[in-house]
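Please consult the sequence and the model shown here before reading on.

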Amino acid sequence: RQSRMTPRARRQAPAGRVALVFTDIQGSTRMWDVCPMAMSSALTLHNRTLRQLIARHEGYEVKTVGDSFMVAFPSAKQALQWAVAVQVGLLAMDWPPELLKLSDAAREELEGQVIWNGLRVRVGVDVGTAISDIDPITRRMDYCGAVVNTTARVCRLAQGGQIVLTDSAYREVSGEPGVTFRELGRQVLRGVIGTLLCYSAVPSGLAARQLAPRGAGVSPSKRRSVPTL
């Protein structure tokens, strides 16, 4: 391939063993149908917040597809810290009032604490060795391989406002302070051979969010909280 990235972009793109993150906005199709103007403003806030946090946590924006982001990080720790910052940051946004009238973006409080407010973003995290190459159209680094497919499927497993990690990612971040990990059991993911043990990472300030994965795990009876080390 003849296309080249700028030196700055090349330095930001991790290679080899990487942590990948996929995001997706819950209920976005319906919200675009019901209140397109408010959704347009909300998406601008969403994109700005995610990109500011990508820079802060030394991530690399691979691409966006619709309202979904694909981001690469040098380590699972940085990926998780970014995902937590995204959930906390979006909660503090000043969202359009029309958006907050919808069930997938409604403001909710529990015992005086805001636990939902605005767009609800699902996040999936995995780590592994990816094949990387420069996309000739975007001139940015892109990735392929099993880790890409797994990360995308793990993201689809999550509910809006939930961070789901594979066991591989969890083992690299299990001692991260300020986060409670909940074992979700072994999950069946489309396109992934066998089952995959997954965990939910819950920021300490959002512990009131009680979310099970959207997929049906093969061992739901084994879901449990896992304390940080």
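Of the protein's 229 residues, 54% count as buried, a term for under 20% relative accessible area, with exposed meaning over 50% and partly exposed in between (1.4 Å probe, protein chains only). The model is a predicted one, in which local features need pLDDT of at least 70 and side-chain atom pairs count only at pLDDT 80 or more, while totals for chains, interfaces and linings use all residues. Residues are numbered from 1 along each chain as its sequence is written, and side-chain values use heavy atoms, with hydrogens and water left out.

The secondary structure comprises seven helices and eleven strands; these are DSSP runs numbered from the N terminus, with helices (H or I) of at least four residues and strands (E) of at least two. Among contacts (heavy atoms within 4.5 Å) with a separation of 6 or more, 70% are between residues 24 or more positions apart.

## Strand β3

Strand β3 spans residues 68-73, and six of its six residues are buried. Ser68, Met70 and Ala72 point one way from the strand, whereas Phe69, Val71 and Phe73 point the other way.

## Partners of β3

Two strands pair if DSSP finds at least two bridges between them. Strand β1 (residues 16-25) runs antiparallel to β3 and is joined to it by four bridges; Ala19 stands opposite Phe73.

Strand β2 (residues 60-65) is also antiparallel to β3, with five bridges joining the two. Lys63 has Met70 in β3 as its bridge partner. The hairpin of β2 and β3 has two residues between the strands, and Gly66 there takes a positive phi near 65°.
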